[in-house]
Amino acid sequence: MEGNVATLKTRELEDYFERIVRTREGDLPGRRKGDEYLSQTHALYHGDPAPWALTPKIFDMDMTALLKEAAERMYGIMDKVTRAFCSDASVRAWFRMDPAFADLCAMDAGYDCQIPLARVDIFLDEDAGSYTFCELNTDGSAGMVVTDAVCQAVRMTPSFEEFASDHPGFRQYDLCGSWIDALFETYAEWKLAHPRRTEDSARSDDGARVDEGLYAPQSKIYPASVAIVDYSESIDLEDAAHFVDLMRRRGVVARFADVRDLRIGEDESGARRLCDAAGPIDCVWRRAVTGELWDKPCDGRSALIEAAQEGLACVVGGFRTWPCATKTVFAFLWSRAGQSLLSPEEQSFVREHVPYTEILDESAQLSRFAEKDRWIVKPCGGYNAVGVVAGLDATEREWSQVLARAAAAGAIVQEYAQQYQTPCLRGTLVNGPHRGEAPKGLVDDLGFAPASNMEGLYLYRGRFAGVYTRVGFANTIGEWTSRLNVASFFEE
């Protein structure tokens with residue numbers, strides 16, 4: 001699937017869209033309309049509408065097939081690693097976790113799908129049709145709400161209307177709606193393994209109670225109540241509110257619940273249940289990152305773990321998602337232990353698409369990584385780009401200090417993947433912090449600037465579900481580096 005012949009059309013389509021915008025002198029009316037629309041959605045960032053780009057990603061059929069293959073092949077590897085972590089003590093030991101934490105991460109979730117929700121991030125070269133993985137997000141994956149909203153904002157601009165009239169047949173994925181489908185599908189799988197009294201029977205898609213004995217695998221079984229569980233200081237509450245609204249439209253009692261508010265209680269029949277102040281919870285969508293749960297012990301955390309252990313509630317995500325969420329996992333894939341787990345085809349896939357990664361310690365020969373522009377340092381258990389330092393952003397002296405601190409902390413060093421750049425025009429018209437502003441020296445007369453791209457490929461129950469794209473103007477694309485959210489459209 002790789003090669004210029006298969007992927008040239010994507011680049012041509014994006015260039016065509018850019019020419020339309022330039023002809024419209026930046027399409028200010030469309031950008032104002034997009035800003036106004038986003039201000040009325042849940043796609044907020046630090047209390048303001050999410051910063052967005054007018055210029056979208058436009059994937060033709062061949063490129064879409066390449067992304068699907070990349071995502072689903074990586075899922076197969078993640079599934080294999082997760083199962084090995086849970087069944088093989090030597091694999092668990094390789095990840096260097098606290099033994100009690102490793103045991104938590106190996107707990108059976110009560111359904112077979114090891115990672116119900118994942119987003120695997122790549123750097124995609126649209127010219128060569130090649131890609132390199134950046135990281136695997138299997139724990140607290142996000143970005144669906146803002147992507148759906150930004151796609152809609154771009155759709156309503158005159159620039160996109162002109163593009164669509166010339167190139168009909170492009171669509172966006174319904175990331176939020178299809179995730180709820182996958183969430184409920186996971187619950188239904190769990191429900192089959194945990195039949196309970198009729199008072200707690202699930203609901204069908206028309207809201208009627210469903211007798212457990214009449215359940216058919218093709219039926220849509222909805223939980224009676226769902227709680228999106230996280231620490232209130234860590235989650236984007238607007239993001240959670242959007243999913244709560246969507247689930248309520250399907251007749252499901254849904255709410256956000258802080259981890260600290262969870263407890264084991266009893267329902268009207270006296271059965272033990274996972275509860276919060278609003279009542280019993282049938283299904284938990286665990287948004288709390290497992291590592292953060294471990295670092296913030298409380299009675300609510302204990303109740304959540306007990307509920308998962310004893311089958312008192314379906315915990316979507318379980319705790320098995322953490323091993324593949326760590327930065328350590330790429331080092332494992334490159335290790336002898338990881339390579340021995342993989343098929344020859346999977347080994348080749350890793351060598352071609354996963355950057356070389358190594359865990360540092362006090363005995364590491366740091367001189368091997370002295371050529372700073374080739375490397376990036378990341379904490380083993382971090383997320384959201386916290387603690388990431390690219391050699392390109394450091395002086396020679398600073399880089400030596402970064403490596404020394406990384407070795408002392410047991411962090412990883414990884415080959416730096418060259419980022420693909422495309423012309424980008426910020427849709428957001430208001431300036432200010434977190435508004436995705438490019439450095440003035442890069443911006444042309446209309447506001448276009450070259451931006452580095454990163455695509456996040458969603459996997460719902462192992463199936464490719466769409467793309468979350470963001471661009472930035474620095475060597476890392478983090479929330480503090482002028483990041484913009486980008487729409488993605490796909491050829492039918």
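## Cysteines

C105 is tucked away: its relative accessible area is 0%, so it counts as buried (under 20% relative accessible area; over 50% is exposed, and in between is partly exposed, with a 1.4 Å probe and protein chains only). C424 is buried too, with a relative accessible area of 3%.

How many disulfides does the structure hold? The count is 0, where a disulfide is a pair of cysteine sulfur atoms within 2.5 Å. C105 is in no disulfide, and the nearest cysteine sulfur, which belongs to C86, is 8.4 Å away.

## About the model

This is a predicted model, in which local features need pLDDT of at least 70 and side-chain atom pairs count only at pLDDT 80 or more, while totals for chains, interfaces and linings use all residues. Residues are numbered from 1 along each chain as its sequence is written, and side-chain values use heavy atoms, with hydrogens and water left out.

## The whole chain

The protein chain has 16 helices and 24 strands; these are DSSP runs numbered from the N terminus, with helices being H or I of at least four residues and strands E of at least two. Of its 492 residues, 59% count as buried. The accessible surface of the chain comes to about 19,900 Å², and carbon and sulfur atoms own 50% of that (Shrake-Rupley method, 1.4 Å probe; for residues, only the protein chains shown count as cover).

Now for contacts, meaning heavy atoms within 4.5 Å. Take those between residues at least 6 apart in sequence: 73% of them join residues at least 24 apart.

Helix α3 covers residues 61-87, which makes 27 residues. From first C-alpha to last, α3 reaches 39 Å, close to the 39 Å expected at 1.5 Å a residue (the expected span is 1.5 Å times one less than the number of residues).

Helix α6 (residues 144-155) has 12 residues and reaches 17 Å, close to the 16 Å expected. Because 10 of those 12 residues are buried, α6 is largely enclosed by the rest of the structure. The buried set includes M144, D148 and C151, along with V146 and V150.

## N485 and its surroundings

N485 sits in strand β23 (residues 484-486) and is buried, with a relative accessible area of 7%. Which backbone oxygen does the N485 side chain reach? That of P51, at 2.9 Å.

Leaving aside neighbours within four places in sequence, N485 is in contact with A50, P51, W52, A53, V146, V150, Y468 and T469. Two of these names come up in α6 as well: V146 and V150 are among the buried residues there.

## Strands

Four strands, in the order β16-β19-β17-β18, form an open sheet with antiparallel pairing (two strands pair if DSSP finds at least two bridges between them). The edges are β16 (357-359) and β18 (389-390), each pairing on one side only. Inside the sheet, β17 (residues 375-378) and β19 (residues 412-415) pair in the antiparallel sense over 4 bridges. I376 has Q414 of β19 as its bridge partner.

Elsewhere, P49 lies in strand β2 (residues 48-49). At 19% relative accessibility, P49 counts as buried. P49 and S39 are 10 residues apart along the chain, and their C-alpha atoms are separated by 5.2 Å.

Note on methods
A polar contact is a pair of N or O atoms within 3.5 Å; within protein, one must be able to donate a hydrogen and the other to accept it, and residues adjacent in sequence count only if both atoms are side-chain atoms.
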